[in-house]
Amino acid sequence: MKRWTAFLTTFFTAWAVLLPTGLHAEPSLKPQQIPELLAEKGKKLSAMKVVMNVTSLYEADKSRQDVKGFLLYRRPADFRFQGLATGGNPLFELVIKDGLFELYIPSDGKILKGGKDCFGKRFPDVAEIEGLIPIILLQWKNVTFQKVMKQDAETIVINVLCQGRTWEATLEAKNLFIKRLVRLGPRGEVDLTANFGEFKTGEDGWLPRRFDIQSPKGGWRTTVQISKIEPNPFLVEKNFKLEPTFSTKTENCN
C-alpha cells in the first residue's frame with residue numbers, strides 16, 4: 001500500500017508539472033495593465049491591406065450607400081481608401097497623411113484637400129471610422145486607464161482616456177479581444193458606439209472581421225464587413241499619394 005501511495009504521489013506531481021500553466025492558479029490580470037498589454041500586442045502589426053464592404057444608413061435623408069472598399073493603412077496614421085459602387089464604378093479615392101487629406105472624386109473631376117478637421121466636418125462618418133483604426137489595431141501606447149466598470153469571467157469593461165476623449169472598452173476576459181467601444185461626451189452621454197465581431201484564430205485573429213459603428217447625434221450608422229486582411233504588406237510613400245490619370249482641378253476644403 002505504501003508503494004502505491006508513493007507511486008501515485010510521484011505520478012500526480014509529475015502530471016501537474018506537465019499541465020498547461022493556464023490551469024494553475026495565478027494572480028488575476030490587473031485591469032490597469034490592459035492598455036500596456038494591448039499596446040505590446042499591437043506592435044506586431046505595422047501595416048495592412050483590407051478588402052471590405054461598407055453600408056451606411058443616414059437618418060436625416062433616409063438614404064443608404066453601399067461601397068466596396070480597398071484600404072491601405074500604415075502606422076501610425078497613413079491611410080488610403082478607394083471606394084467603388086456596387087457595380088464596380090469608382091466613387092472616390094481618399095488619402096490621409098500628416099494631418100492632411102486629399103479626396104479625389106472622378107465624377108466631379110476634382111481633388112478636394114485640406115486639414116483633417118475640415119474633413120471631419122464634411123464627412124463625419126468616414127472621419128470617425130478612420131479615427132477608430134488606431135484603437136482597433138491596438139495602438140494603445142497613449143491610452144490611459146481610469147477605472148473598472150465591470151469584471152466577470154467573460155468580460156472586462158474599463159474606462160479609458162484616448163485621443164482626448166473618454167471611452168468605455170468592453171473586452172473578452174480570456175483573450176482581451178475588443179468587443180465594444182463607447183465614446184462618452186462631456187456629460188457622460190453616449191457620443192459614438194462601435195461593436196466588433198467575427199474574430200478568427202491565428203496570429204492576427206484579434207482583428208475583427210465585422211464592425212458596426214453608430215452615431216446617435218449624427219444620425220448615421222455604418223456596418224463594415226471585411227472579406228480579406230493582409231497583415232504587414234510592403235508599402236511605400238507612393239502608396240499614399242493620389243495620382244489621377246488626367247488633369248484635375250483642386251479645391252480647398254473650407
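**View A. The hairpin of strand 10 and strand 11, with Gly 188 in the turn**. In this predicted model, 5 residues lie between the two strands of the hairpin, and Gly 188 there takes a positive phi near 85°. Strand 10 covers residues 178-184, runs antiparallel to strand 11 and is joined to it by 5 bridges. Arg 180 has Asn 195 of strand 11 as its bridge partner. Strands here are DSSP runs (E, at least two residues; helices are H or I, at least four), numbered from the N terminus, and two of them pair if DSSP finds at least two bridges between them.

**View B. Strand 11 and its pairing with strand 12**. Look for Gly 197 opposite Arg 210 of strand 12.

**View C. Leu 242 and its contacts**. Leu 242 sits in the loop between strand 13 (220-231) and strand 14 (249-252). With a relative accessible area of 14%, Leu 242 counts as buried. Beyond its neighbours within four places in sequence, Leu 242 touches Arg 80, Glu 93, Val 95, Glu 102, Leu 103, Tyr 104 and Ile 111 (contact is heavy atoms within 4.5 Å). Ile 111 is 131 residues away from Leu 242 in sequence, yet their C-alpha atoms are 9.1 Å apart.

**Notes.** Residues are numbered from 1 along each chain as its sequence is written. Local features need pLDDT of at least 70 and side-chain atom pairs pLDDT 80 or more, totals for chains, interfaces and linings use all residues, and side-chain values use heavy atoms, leaving out hydrogens and water.

How values were computed: Buried < 20%, exposed > 50% of the residue type's maximum accessible area, 1.4 Å probe, protein only.
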